[in-house]
Amino acid sequence: MYFNRLSQIAESEVDARTSISASSRLHVSYKNIEVIAGLVDILVITFASVFGGTLYQHFWSGPNTAIEVSLGVGLSEGLLYAYVASSRGLYRLPVLLSPSRYLGRIFLAWAIVSLFVAIFLVFLKGDALLPHGSIVASALLQVSLLLLARWFAEKTSRSLMAKGSLPGRRVVTIGEPSELMRLSTAVLFRYFGMNEVVRVSLPAAKASSPDDVLVDLDRALHEARERGVDGFVLALRWSSKELLETVRERLRASPLPAHLLPDYTIRSVLGRRALSTNGPELSLEIQRAPLTTMERAVKRTLDILCASIGIVLLTPLFLLIAVLIKLDSKGPVIFKQRRNGFNAKQFVIFKFRSMTVQEDGAVVTQARRNDRRVTRVGQFLRRSSLDELPQLFNVLMGDMSLVGPRPHALAHDNEYKVLIAKYAFRHHVKPGMTGWAQVNGLRGETGRLEQMVERVKLDLWYVNHWSFGLDINILIRTCFEVLRNRAY
């Protein structure tokens, strides 16, 4: 079969990756190599435009043309060609690995762009500044160098794959046995840019119960958290509607994106086109990450900047609070407790100790008004929220964010995720030192279930409506909210 043969070919190309250690090697991600190939083509076309014009003037004594003109034309043509080639999928790894199969498409894309630029120059009378002979010389050089660049990209890509230096997106593969048998890890990598970390096979429909499927899905969620993967890939029959719905609902507990690949029947109908230049576009994104890569970068930049400045400026206050805590009662200065963070992954939260107990087990009792466990210094720290300041280190370490749903003790998470629908959605972003619920009055104890339901509702609103401006708004409002002394 065609796809079985593809699998064998791809397997033979990437098997060598597992035999070489990943240390002391330069790694280029699957996506970055496409970007690099595009940049090389831009440089090649720009260089060919400038050098071709120079050669024409030197050997054929053509009229002198300012180098700025050739540079501008070449750069414009290079950018336009890279855009067209990228939109046609000509920088995807399968194309880079087998350029001879796609020479017609590559040449057609270049010819269309070159013709468009030539017509544009004639229309703007630019051919008076750039002679026809110079244009022809540049075009011949461009074609030659583009072919050379593709040959070099092929050799480089194959070399990186052989050395294991071309990692793809780390994913957990979930699928039915019949689909997984026809989808090798090598095909996943070569044609979809996915590096399978764990493969979870769901039980056959006829010999399984819904509970068996849920157990395997929970294992997939656990592996995703522990191994720090980038998402899930589903290999399921598109006709399995009930199973698809079950998987989709269960994966909502995770913030990671999930893609459904075309099943074997669809791939068989499409043939080579299913895994050619438009391969990834055939997958369906059934779940997207709540924040894009750029949004996460912006939010993380704000966290690092503000946390670093805060730690430096507040160091004298940290020392003063530490001394007061030691003078007031016995015990450590810093209270540590396990919490669930992004994707429900556990971390240790830091707070100034404000109580005589340090609960972190199956039962954790929330602080109440006039709680005798709260120390004298602790009362002031809790009312002013100064006990939360050590969490700036959690922010700097990446476990928390300045703004996000407040993390609860593990015992409370285990209790509320059963009682409150969509409670797990709070873990779709990093927990925060402050949040939308806190600036809307839900700060401190949540003794009644109704209070926690309302807090979760506000937390989920924040997850679904995040923006940089909203974070700034919450940070400013937090300063005023602290002065109201709602906590105890």
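A residue is called buried when its relative accessible area is under 20%, exposed when it is over 50%, and partly exposed in between (1.4 Å probe, protein chains only). The model is predicted, so that local features need pLDDT of at least 70 and side-chain atom pairs count only at pLDDT 80 or more, while totals for chains, interfaces and linings use all residues. Residues are numbered from 1 along each chain as its sequence is written, and side-chain values use heavy atoms, with hydrogens and water left out.

**Exercise 1.** Classify M294, C306 and C479 as buried, partly exposed or exposed.

*Solution.* Begin with M294, which lies in helix α12; because its relative accessibility is 61%, M294 counts as exposed. Next, C306 has 31% relative accessibility and therefore counts as partly exposed. Finally, C479 reaches 52%, so C479 counts as exposed.

**Exercise 2.** Describe the fold of the chain over residues 304–325.

*Solution.* Start from the record: an unreviewed UniProt entry lists 304–325 among its "transmembrane region" residues, although such annotations may be inferred rather than shown by experiment. Over these residues the chain is 100% helix and 0% strand, and the end C-alpha atoms are 28 Å apart.

Definitions and conventions:
Helix = DSSP H or I, 4+ residues; strand = E, 2+ residues; numbered from the N terminus.
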